[in-house]
Amino acid sequence: MGVEIIGENGGSLSFVLSDASVSLANAIRRTVIGEVPTLAIDEVEFYDNTSSLYDEIIAHRLSLVPIVTDLSLLNFKDECSCEDGCPSCEVELSLKKKGPGMVRSDDLKSSNKNFAPIPGVLLAKLGKTQEIDLKARAVLGRGCDNTRWQAAVMGYKYYPVISISDDCTVCGDCVKACPRSVLAVKADKLTVVSERDCILCRACSDVCEPGAIKVDGDEHRFIYELETTGSLKPREVLSKALDILKEKADELSSKGMI
Amino acid sequence: MIIPVRCFSCGAVVADKYEAFLERKESEDPKDVLDSLGVKRYCCRRMILSNADLLDEVIEFDEKSLKFK
Ligand SMILES: [Zn+2]
Ligand SMILES: [Zn+2]
């Protein structure tokens, strides 16, 4: 089994997983989406809200704002040694704003500067006479419990294998048909320029008169794309997910189930 | 009403890109703006493209009706 990183850009990461089975590939995806812990607002206390949005709408919008999370500094609330919330399992945030104007996640002040909400998320809009004053508590959670704790968006596809036989007449129809410009005619020969961009739509083999192009997915090689919501770094999400997956597998094997 | 914080289908955050989109779509092709903002899946693109901003009208209504109370 091997992992090769093919692209990294701020909040996103793409990599190729090779010599793996479909079930493992999907297990990794599901662990990344559902099991990696992140911070999100769980409880909101309103002191004042004269805006045109109901308390529930604002609380719901607040909960979906990703908060930058340092996993080494926080415990799950139910696993913490405290009775009812403490600074090592909860982060307090407050928001106080008078209109007119936009309320953004930048206005949400965190009590701990290690855990700040990502900037620029539109929360509400206030008129001249309106204001919002609230306090919120964020706790660690998992994406499988609620979307607000989802650490990343992740998907994968089979590695495209494009084969061109000698029947090719270099008519160029397939080059025009491909939505991702995977094919090109170079020096009177049809060549595959960027096979990783292929989405296996087979538009090329559909228009090919002599049937010279065959597009298939390699069922043991996968191209992944991972995009974080902003609370963790993409590599952090992936390595945490693999740790969790390994832990779960160890637990199963210690019970003699695999 | 107001742009949803996350995409309904995939869960990616879209509300932090909406204002930039509104501003830039005036002078650029909306397709290019979405691409450069990193909104590449069509589920997220429809969140931004199909949003109807009605909050301004509601605020106006709320503030005017408050005067007559
Ligand atoms: Zn605690
Ligand atoms: Zn989406």
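**The core and its setting**

Reply: Chain A is divided into domain 1 (2–34 + 153–225) and domain 2 (38–149), with bounds that come from an automatic or database domain assignment. The model is predicted: local features need pLDDT of at least 70 and side-chain atom pairs count only at pLDDT 80 or more, while totals for chains, interfaces and linings use all residues. Residues are numbered from 1 along each chain as its sequence is written, and chains are lettered from A and ligands numbered from 1 in the order in which they are written.

The centres of domain 1 and domain 2 of chain A, taken over C-alpha atoms, are 41 Å apart. Chain A has five helices and 12 strands; these are DSSP runs numbered from the N terminus, with helices being H or I of at least four residues and strands E of at least two. Its radius of gyration is 24 Å, whereas a compact globule of 258 residues would have one near 18 Å. That radius is taken over C-alpha atoms, and the globule rule is 2.2 Å times the number of residues to the power 0.38. Of the 258 residues of chain A, 33% count as buried. A residue is buried if 20 or more other C-beta atoms, placed from the backbone, lie within 10 Å of its own, exposed if 12 or fewer do, and partly exposed in between.

Now to the core itself. A nonpolar core is a set of buried Ala, Val, Leu, Ile, Met, Phe, Trp, Tyr and Cys residues joined through C-beta atoms within 7 Å. The largest one has 63 residues, and A:V32, A:A138, A:V237 and B:V14 have the most contacts inside it. Strand β8 (residues 131–141) of chain A supplies the largest share, six residues. Both domain 1 and domain 2 of chain A give residues to this core, so it lies between them.

Consider A:V237. Not counting residues up to four places away in sequence, A:V237 touches A:V32, A:V36, A:A151, A:A152, A:L226, A:T228 and A:L232; two residues are in contact if their C-beta atoms, placed from the backbone, lie within 7 Å. A second, separate core of 11 residues includes A:C174, A:C178, A:L183 and A:V215.

A:L122 is buried because 21 other C-beta atoms lie within 10 Å. Leaving aside neighbours within four places in sequence, A:L122 is in contact with residues of both chains, including A:M102, A:R104, B:I2 and B:Y18.

The chains meet through 20 residues from chain A and 18 from chain B. On the side of chain B that touches chain A, the elements giving two or more residues are α1 (18–24) and α4 (55–67) of chain B. Of these, α4(B) gives the most, with six residues. That side divides into 12 nonpolar residues, one polar and five charged. Here Ala, Val, Leu, Ile, Met, Phe, Trp, Tyr, Cys and Pro count as nonpolar, Asp, Glu, Lys and Arg as charged, and the others, Gly among them, as polar.

Chain B has four helices and zero strands. In helix α3 (residues 42–49) of chain B, the buried residues are B:C44, B:M47 and B:I48. Seen down the axis of α3(B), they fall within an arc of 90°, so they line one face of the helix; the arc is that of the directions from the helix axis to the C-beta atoms. Their cover includes α1 and α2 (30–36) of chain B.
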